[in-house]
Amino acid sequence: MKVLITGSTGQVGSYLVDAMRGSAQVVAPTRAELDLQSEASIREAVRSVNPDWILHPAAYTAVDRAETERDLCFAINAAATRTFAEESLRINAGLVTFSTDYVFDGSADRAYREDDATAPINVYGESKLLAEQSLQEVGGLYFNFRTSWVYSARGNNFVKTMLRLASTRPELKVVADQQGCPSSAREIAACVTALVSRPKDELGGKAGNYHLAGQGETTWFGFAQEVIAQAKKLKPEMPWVEPEPVPSSAYVTPARRPANSRLCCDLARERLALSMPEWTKSIAEVVQELLAQQ
Ligand SMILES: NC(=O)c1ccc[n+]([C@@H]2O[C@H](COP(=O)([O-])OP(=O)(O)OC[C@H]3O[C@@H](n4cnc5c(N)ncnc54)[C@H](OP(=O)(O)O)[C@@H]3O)[C@@H](O)[C@H]2O)c1
């Protein structure tokens with residue numbers, strides 16, 4: 001099996017490369033080799049590699065900056081995904097893409113299911129929703145995994161930020177009125193690897209959107225508490241500060257965030273036999289890895 005993986009310098013992309021290397025020929029171009037802003041570059045890469053699967057986690061992920069870089073965000077997230085969809089259909093390759101909890105407005109009082117109404121409240125969410133619509137229009141064997149609150153020992157993410165701030169600042173205020181499901185990049189990659197290792201004819205008729213996030217739910221504040229609790233266990237000698245809860249109104253950002261980002265992941269478990277562990281389990285490993293790097 002040959003796979004083309006985008007975003008290999010990112011969180012999910014780097015773990016996908018590691019996980020797939022054991023069982024497939026992996027081609028993982030960097031941004032310099034495959035620029036998502038260039039439709040020609042995407043078509044050329046797909047045609048020259050001619051993969052069985054395209055795994056496409058690369059994205060414009062700067063949620064706040066997207067509010068002032070709308071065109072760039074849409075080019076990278078929406079237009080590029082459409083091009084991958086068209087190319088994968090042309091060569092009969094499977095396609096895995098990633099979307100976000102931010103396609104929802106957060107007004108539901110329960111975890112979101114795949115067929116709930118979408119209504120993004122920020123530019124990043126809008127760009128990802130347009131990508132989803134393109135996938136549906138183009139068709140083919142695609143799996144679009146909506147995930148949320150991604151963290152790992154690599155790249156920039158909330159866990160890294162909390163460890164840095166809690167060990168260097170006198171206080172740490174964290175938003176306590178947004179709920180979601182933290183998701184380990186390594187576990188996301190493990191699920192995708194399991195999926196694409198199956199024969200394609202087993203997957204026929206199952207294409208579409210799926211929610212894939214860590215089990216359990218919390219708030220950003222709860223997430224921070226768990227990170228610091230793990231850090232304290234592993235390095236009690238360090239001066240960790242305890243996070244303090246604040247409302248979103250005390251931490252205004254350029255992009256609005258949904259109050260409820262929880263994703264119900266039953267469909268992926270039932271139809272694809274894919275599920276992620278409890279987020280609190282994966283967080284322990286990641287904190288340990290990050291502290292070992294210091
Ligand atoms: N992070 C989250 O909390 C979160 C939540 C929900 C959904 N998601 C989705 O999950 C997927 C994976 O997220 P992630 O956190 O792993 O992303 P990430 O760590 O931010 O990595 C993004 C990757 O995209 C690449 N990229 C960006 N612009 C590019 C361009 N113009 N041409 C080529 N490559 C480009 C980056 O390359 P460079 O290193 O060269 O910049 C990087 O490898 C994304 O689709 C994201 O939207 C993420």
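Which residues are buried in helix α5 (residues 158-168)? In this predicted model, the buried residues of α5 are Phe158, Val159, Met162, Leu163, Leu165, Ala166 and Ser167. This briefing considers that helix and then the surroundings of the ligand.

**Helix α5**

- The N-terminal end of α5 is capped by Asn157, which places a side-chain oxygen 3.1 Å from the backbone nitrogen of Val159.
- Val159 is itself one of the buried residues of the helix.

- In the side chain of Thr61, an N or O atom lies 2.7 Å from an oxygen atom of the ligand.
- The side chain of Arg31 likewise has an N or O atom 2.8 Å from an oxygen atom of the ligand.
- Pro57 contributes through its backbone, where a polar atom is 3.2 Å from an oxygen atom of the ligand.
- On its own the ligand has 910 Å² of accessible area, and the protein covers 82% of this area.

**The shell around the ligand**

- The elements giving two or more residues to this shell are α1 (11-21), β4 (94-100) and α4 (123-138).
- Strand β4 provides the largest share, with three residues.
- In total, 23 residues surround the ligand, and the closest are Thr9, Val12, Arg31, Thr61 and Tyr124.
- Sorted by class, the shell comprises 11 nonpolar, nine polar and three charged residues.

How values were computed: Residues are numbered from 1 along each chain as its sequence is written. This is a predicted model: local features need pLDDT of at least 70, side-chain atom pairs count only at pLDDT 80 or more; totals for chains, interfaces and linings use all residues. Side-chain values use heavy atoms; hydrogens and water are left out. Buried means under 20% relative accessible area, exposed over 50%, partly exposed in between (1.4 Å probe, protein chains only). Helices (H or I, at least four residues) and strands (E, at least two) are DSSP runs, numbered from the N terminus. A polar contact is a pair of N or O atoms within 3.5 Å; within protein, one must be able to donate a hydrogen and the other to accept it, and residues adjacent in sequence count only if both atoms are side-chain atoms. A residue is near a molecule or strand if one of its heavy atoms lies within 4 Å of it. Accessible areas come from the Shrake-Rupley method with a 1.4 Å probe; for residues, only the protein chains shown count as cover. Ala, Val, Leu, Ile, Met, Phe, Trp, Tyr, Cys and Pro count as nonpolar, Asp, Glu, Lys and Arg as charged, and the others, Gly among them, as polar.
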